[in-house]
Structures are given as C-alpha cells and as structure tokens.
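Visitor: I would like a close look at one part of this model, please. Could you walk me through it slowly?

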Protein chains: 2
Amino acid sequence: MKRISLFSPGTIANISCGFDVLGVALDEVGDIMHIEETVEPGWRISAITGADLPLAVEKNTAGVAGLSLLNAYKSKVGTHPGFHLVIEKKIKAGSGIGSSAASASGAVWGLNELLGRPFTPLELVGFAMEGEKLASGVAHADNVAPGLFGGFTLVRSYAPLDIVALPCPNDLYAVVLHPQIEIKTQDARSILKTQLSLKQATTQWGNLGGLIAGLYTDDYGLISRSLVDVVVEPIRSLLIPGFDELKKTMLDSGALGAGISGSGPSVFALAKGSDQAHLIAQAIDVNYRKWGIDFEVHCAKINTQGIKILNE
Amino acid sequence: MKRISLFSPGTIANISCGFDVLGVALDEVGDIMHIEETVEPGWRISAITGADLPLAVEKNTAGVAGLSLLNAYKSKVGTHPGFHLVIEKKIKAGSGIGSSAASASGAVWGLNELLGRPFTPLELVGFAMEGEKLASGVAHADNVAPGLFGGFTLVRSYAPLDIVALPCPNDLYAVVLHPQIEIKTQDARSILKTQLSLKQATTQWGNLGGLIAGLYTDDYGLISRSLVDVVVEPIRSLLIPGFDELKKTMLDSGALGAGISGSGPSVFALAKGSDQAHLIAQAIDVNYRKWGIDFEVHCAKINTQGIKILNE
C-alpha cells in the first residue's frame with residue numbers, strides 16, 4: 001500500500017501589520033507525519049507521539065481536516081479509500097506557531113499526494129481550515145496557507161478564498177521565543193477592540209503595503225521599517241510577560257522587526273542571515289530567564305517550499 | 001537665463017483599498033508649467049491661464065511649494081536665486097485628480113532641475129506637500145508622490161516620510177469621469193467616520209496587499225479582485241450623483257475596478273489596454289448624461305515617468 005512521510009512546518013501568523021492576513025512558514029520547526037493507505041476504507045489516527053491529543057478523527061485537527069478532504073474526494077470520485085495517520089508532534093499546542101495548522105495542513109497535503117493530487121493547493125487550504133475551526137472556533141487560513149504554499153502568504157479574501165503567495169529574500173530568518181504559558185486563541189481574540197481609528201487603520205495598511213513591497217524587492221530596510229503593528233500588538237502584548245523588554249532585546253540584537261506570533265504567547269523576530277538570527281536567539285535566551293517562566297527558543301530559516309516529503 | 005517647460009501629471013489618490021496611502025500618475029492629463037530664472041532674486045508667478053487662481057505666491061499652491069524649496073535652498077547653499085513661473089492650468093480645481101498637487105509638484109520639480117538637483121525626490125515631496133496643505137488644510141502626499149515619482153506610489157509613513165515607488169503592468173490605463181460639481185476636500189474628509197471595525201480594516205488591508213502583489217506580478221486578475229474599498233467609498237459615494245450606476249457601467253464595460261478619485265467628485269476606472277479604456281470612456285459618456293450635470297471624461301495611460309520636460 002502507498003505511504004508517505006512528511007515534514008509540516010510551523011508558521012507565524014499575524015505578522016505585525018498583517019493581522020489576520022499575513023503568515024510565513026518556518027524551516028526546521030514542524031511536525032512529522034506518516035500516512036499509509038489501508039485495505040479497509042476510512043480514516044484513522046493510529047498514534048500520536050509528543051503530545052496528549054485525541055486519536056478520534058472528529059476531535060483531532062488533522063483528523064477533521066483529512067475527513068473534510070476525504071468527504072470531498074468521495075463526492076468527486078465516488079470511491080472511498082482508506083488511510084491511517086501517525087503524528088509525531090514537534091510543535092507544542094498553544095505555542096503560537098501554528099501547532100494545529102501544521103497537523104491539519106500535513107494531513108490534507110499528504111492525502112492529496114497519495115490520491116494523485118485531485119485537489120489544488122487552494123482547495124487544500126479550505127480543507128485544512130476545517131481543522132483550524134475545530135482548534136480555535138474560527139476557520140482561519142493565515143497559518144495553514146503559508147504551511148501549504150511555503151514562504152509568506154497573504155489571505156486576500158475569505159469569501160471567496162483568495163491566497164497570494166509572496167516572494168521573500170533568500171537570507172531571511174525567524175527567531176521565535178515560546179514562553180510556556182497558555183494563551184487561548186479565543187481569549188486573545190476576545191480582548192481585541194472591535195473598533196479602531198481610521199488613522200490607526202491607514203498606518204497599518206501603509207505598513208502592510210511597505211512590507212509586501214519589501215518582500216518583492218529584497219529591501220531589508222523597507223521590510224524593517226514596515227514591521228510595525230499599531231492595532232493588535234499594543235493590546236495583546238499585555239498578555240505576554242516581559243514582552244516590551246523581549247522585543248527591545250530582539251531589536252537591539254539586530255532584528256529587522258519583532259512582534260507577537262499568531263495570537264501569542266510566542267514572540268518572533270525576523271533577521272537577515274543565520275548569524276544575526278543566532279545572535280538574537282542567544283540574547284533573548286539569556287535575557288528571558290529572569291521571568292521564571294519555562295521557554296523555548298527556535299531559530300529557523302524562512303521555509304519557501306512548504307510541506308516536504310521525507311526520505312524513508 | 002535658464003528656463004524649463006514641463007508637464008506635471010494629474011494623479012488619482014485614495015485608490016480603492018489604498019485610502020490615504022496609494023496614488024497613481026496619469027499620462028496626457030496634467031498642467032503645463034514654465035519656469036525661468038530671473039536676474040532679481042525672489043519667486044514670482046507672472047501668469048496663470050485656464051483657471052482663476054491667485055498670483056500671490058503665498059496664496060498659490062505652486063507658489064507656496066516653490067517658496068518652501070527656495071527657503072530650504074537658501075539655508076543649504078546660502079544664495080538666493082530668482083525665478084518666475086507661468087502656469088497653464090489644464091486640470092480643473094476640485095476635480096479630484098490632483099489639480100493642486102500637479103502645480104505644487106511641477107513647481108518644485110522644475111526649480112530643482114534649474115538649480116542642479118540639490119534635493120532628492122523625497123525632499124521634493126516634502127516641499128510639494130506644503131502646497132497641498134495650503135489647498136486642503138492637510139499636508140498629504142498621496143497626489144504629489146505619484147506626480148513626482150511616476151506610476152503607483154505608496155506613502156508608507158508620514159513621520160518620517162517614506163515613499164515606496166511601485167511597479168505596474170505596461171498596459172494599464174485609467175478612465176476618469178469628472179462631474180462638475182464641487183466637493184471640498186475638507187467636507188469629503190469630515191463626513192468620514194473616525195472609527196471602523198477591525199473586520200473592515202482587515203478586509204481593506206488584505207485587498208491593499210493583493211493590489212500591491214498584483215502590481216509587482218502584472219496579475220490583472222489579482223489587481224481586479226483587490227480593487228475594493230469597504231471603508232471610504234460606501235460613505236463618500238453618497239456625495240456623488242449616480243455613483244453606483246456609473247461604477248456598474250464601468251465594470252460592465254470591462255473595467256478591472258472602479259472607485260472614487262481622491263476625495264471626489266471624480267470617479268476612476270482602471271483597465272487593461274487602450275481599447276478597453278476607450279470602450280469604458282464611451283459607455284460612461286453616454287450613460288452619465290441623464291444626470292444633467294456637466295462632466296468631462298479623461299482616458300489616459302498610467303504615467304510611469306512622472307513629470308516630463310517639454311521640448312521648447
């Protein structure tokens with residue numbers, strides 16, 4: 001029977017000025033997944049290592065996302081194939097680097113490969129979003145899109161779903177500090193103000209425009225100047241102990257910019273080059289200890305390929 | 001004595017999703033200006049044709065902008081040269097295609113040429129903004145920037161001033177219908193709501209991101225899908241008689257998108273190719289007559305060069 005092993009990347013959503021629309025995929029940080037065709041029809045999760053997550057497909061983000069794809073496949077082709085899934089969770093749940101998205105994206109991407117690619121990448125985003133809906137109550141696309149497309153992606157519109165894959169400089173890295181406190185996505189959303197001023201909004205979309213222009217032109221200066229969030233970060237950062245000092249340390253260590261990853265509690269920085277990224281990682285690793293909170297630091301190149309097949 | 005004659009283009013600001021940040025320059029539609037060095041120091045406007053505008057430099061947008069540059073020149077170089085200006089106004093005041101900006105930009109650009117380019121394009125934007133401040137009370141840059149840089153420009157930030165020149169497809173045209181009613185920029189601004197919802201804002205910046213990505217990739221489909229304004233157009237369009245039907249006629253005639261030019265009353269459409277643009281122009285020329293309002297229709301290629309020197 002056919003089988004596939006894959007790496008599904010962690011992702012940073014809500015990149016500064018790109019709240020709800022802009023995400024990016026990471027190299028090295030991500031879940032490992034194995035999908036194998038089975039004789040009996042159906043969709044099962046046979047094992048999950050690294051996290052205490054439900055095996056029942058309808059309660060698992062990867063399960064629900066896969067189910068969504070397989071139901072669509074059944075409608076489209078008429079047959080009802082069988083697969084089982086093993087997940088090696090490497091991204092902690094609630095880390096703010098797209099743990100649920102990595103599993104959901106990996107499941108649908110792998111199934112699509114094994115089925116001979118009946119669905120487009122955009123359709124895969126739609127299936128993976130069902131997993132996100134289970135995880136957070138909202139079928140958002142800003143983590144699953146970069147996971148599936150690689151690099152930076154813009155969710156231009158949800159109805160209809162319209163994803164724009166953006167380029168990025170070749171030497172761009174991300175550093176993520178994950179303080180191991182829990183911030184639920186739903187809570188992080190409920191503290192946001194539902195209204196903002198027109199001035200805040202125009203500042204934000206000026207910066208988003210600048211960031212996208214910087215990605216197209218490899219203009220690190222413009223990317224750096226544009227990595228500003230005047231809408232969400234001032235509020236959500238209150239939930240993250242030591243955010244202001246952490247961000248300052250990142251910037252003082254040469255980060256192009258820094259902000260909240262997803263809905264937190266992780267904090268990310270972007271940097272030019274591996275050396276700079278590692279300097280930032282070292283600086284925050286020393287600096288954040290004072291808070292008495294367990295934390296992890298990830299340092300990763302921007303992943304422009306998306307999900308990758310692993311050699312057996 | 002040295003002299004220069006130049007074409008200073010009309011511009012469309014507030015392009016749909018790019019309220020307050022995105023503008024574009026037009027070919028063929030613009031003011032003609034002549035600047036000549038004089039023996040006696042100082043800055044005079046000796047004649048204006050085509051419009052009833054003040055000759056006193058401190059009451060004229062081109063005058064104030066030029067004065068701002070010449071004062072900076074005096075501080076920088078120490079000398080106090082003399083110039084006089086003749087303006088052939090071709091853009092009607094209050095038309096919504098940057099009449100004040102064209103004169104202000106043309107004056108500072110021409111003076112800078114005659115002085116041997118002591119100032120950068122970004123500095124010229126700053127001087128020209130002084131003219132805009134006189135005209136509308138707000139020193140905005142979204143008309144003067146595309147006039148001076150050409151093509152589409154993004155005003156990423158005002159403090160510090162940061163202008164991003166964007167590329168655009170080679171075959172992009174604009175059609176502008178100018179209903180000859182008066183909407184003062186100040187009035188058009190005062191009716192705007194000062195608050196908007198986070199959902200509106202994210203929709204808007206998703207579209208702005210899509211539009212900029214479309215400009216970088218010559219993706220007319222993406223440009224078209226992104227030319228949507230959910231924040232300003234629903235309010236300001238109430239001030240423009242027949243806006244909804246006019247926009248529909250433009251879209252039905254093949255426009256990529258349509259919206260309010262600047263703060264109105266002009267309405268613009270973007271189109272792929274000269275033929276399509278002329279089809280749109282013909283359709284609205286027929287359709288708009290029913291309103292009993294005098295109007296003009298302009299059809300112009302996007303101007304990627306900015307201000308142009310005219311052969312003597």
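Into which domains is chain A divided, and what happens where chain A touches chain B?

Guide: Happy to. This is a predicted model, in which local features need pLDDT of at least 70, side-chain atom pairs count only at pLDDT 80 or more, and totals for chains, interfaces and linings use all residues. Residues are numbered from 1 along each chain as its sequence is written, while chains are lettered from A and ligands numbered from 1 in the order in which they are written.

Chain A is divided into domain 1 (3-166) and domain 2 (172-301), with bounds that come from an automatic or database domain assignment. The centres of these two domains of chain A, taken over C-alpha atoms, are 24 Å apart. Their contact takes 23 residues from domain 1 of chain A and 31 residues from domain 2 of chain A; two residues are in contact if their C-beta atoms, placed from the backbone, lie within 7 Å. On the domain 1 side, strand S2 (residues 22-38) of chain A supplies the largest share, 4 residues. Helices (H or I, at least four residues) and strands (E, at least two) are DSSP runs, numbered from the N terminus. By class, that domain 1 side has 10 nonpolar, 10 polar and 3 charged residues. Here Ala, Val, Leu, Ile, Met, Phe, Trp, Tyr, Cys and Pro count as nonpolar, Asp, Glu, Lys and Arg as charged, and the others, Gly among them, as polar.

Now to the contact between the chains, which takes 31 residues from chain A and 31 residues from chain B. Among the elements of chain A that each supply at least two residues to the side touching chain B are strand S5 (152-158), strand S8 (195-197) and helix H6 (198-217). H6(A) gives the most to that side, with 13 residues. By class, the side of chain A that touches chain B has 16 nonpolar, 11 polar and 4 charged residues.

Two strands pair if DSSP finds at least two bridges between them. Within S8(B), B:Gln195 is the bridge partner of A:Ser197.

The peptide bond from A:Gly264 to A:Pro265 is cis, with omega near 0°, and A:Pro265 lies in the loop between strand S9 (257-260) and strand S10 (267-272) of chain A. In general, most peptide bonds are trans.
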